[in-house]
Amino acid sequence: MSNVTSIDTSGIVAMEELHRELVSQAIQLAIVNPRWKVINKLKAAKFLDKLGKGWIFLTVGDAVDACLNIKMADLSTINC
């Protein structure tokens, strides 16, 4: 989201719809490199509460690492 300099209510609604659709498919949405102005608006709209504050990252690499760590933790709990 580094190129998104601002977001309005229609953009927030679109993000909420995307998040709902992904959740219905058991996919976690992550936000990478958002601007402070965007974060403040998403926070005011309570979208970050729905998303989870642990799903905002500074880099794509950080987001991928977090997802891989969760996936590895899930795999380690499987009894063979």
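Begin with the largest pocket of this predicted model, which has a volume of about 220 Å³. To display its lining, select Asn33, Pro34, Trp36, Ile39, Asn40, Lys43, Leu48, Lys53, Ile56, Phe57 and Leu58. If you then colour by secondary structure, the elements that give two or more residues to this lining are α2 (36–44) and β2 (56–57), and the largest share, 4 residues, comes from α2. Colouring the lining of the largest pocket by residue class instead divides it into 7 nonpolar, 2 polar and 2 charged residues.

Next, select Leu29, whose place is in the loop between α1 (9–24) and β1 (31–32). Is Leu29 buried or exposed? Leu29 counts as buried because its relative accessibility is 11%, which falls under the 20% cut-off. To see what surrounds Leu29, show the side chains of Leu18, His19, Leu22, Phe47, Leu51 and Trp55, which Leu29 touches when residues up to four places away in sequence are not counted. For a distance to draw in the viewer, pick the C-alpha atoms of Leu29 and Gly54, which are separated by 11 Å although the two residues lie 25 residues apart along the chain.

Finally, select residues 1–67, which UniProt lists, in an unreviewed entry, as "domain: STAS". Over residues 1–67 the chain is 57% helix and 6% strand, and a line drawn between the end C-alpha atoms of this stretch spans 18 Å.

Note on methods:
Residues numbered from 1 in each chain as written. Predicted model: local features only at pLDDT ≥ 70, side-chain atom pairs only at ≥ 80, totals over all residues. Heavy atoms only, no water. 1 Å grid on protein atoms, 1.4 Å probe; cavity = no way out; pocket = protein on both sides within 12 Å on 5 of 7 lines; lining within 4 Å. Points joined across faces, edges and corners; volume = space filled by probe spheres on them. Nonpolar A, V, L, I, M, F, W, Y, C, P; charged D, E, K, R; others polar. Buried < 20%, exposed > 50% of the residue type's maximum accessible area, 1.4 Å probe, protein only. Contact = heavy atoms within 4.5 Å. UniProt positions renumbered as here; feature names shortened; annotations may be inferred.
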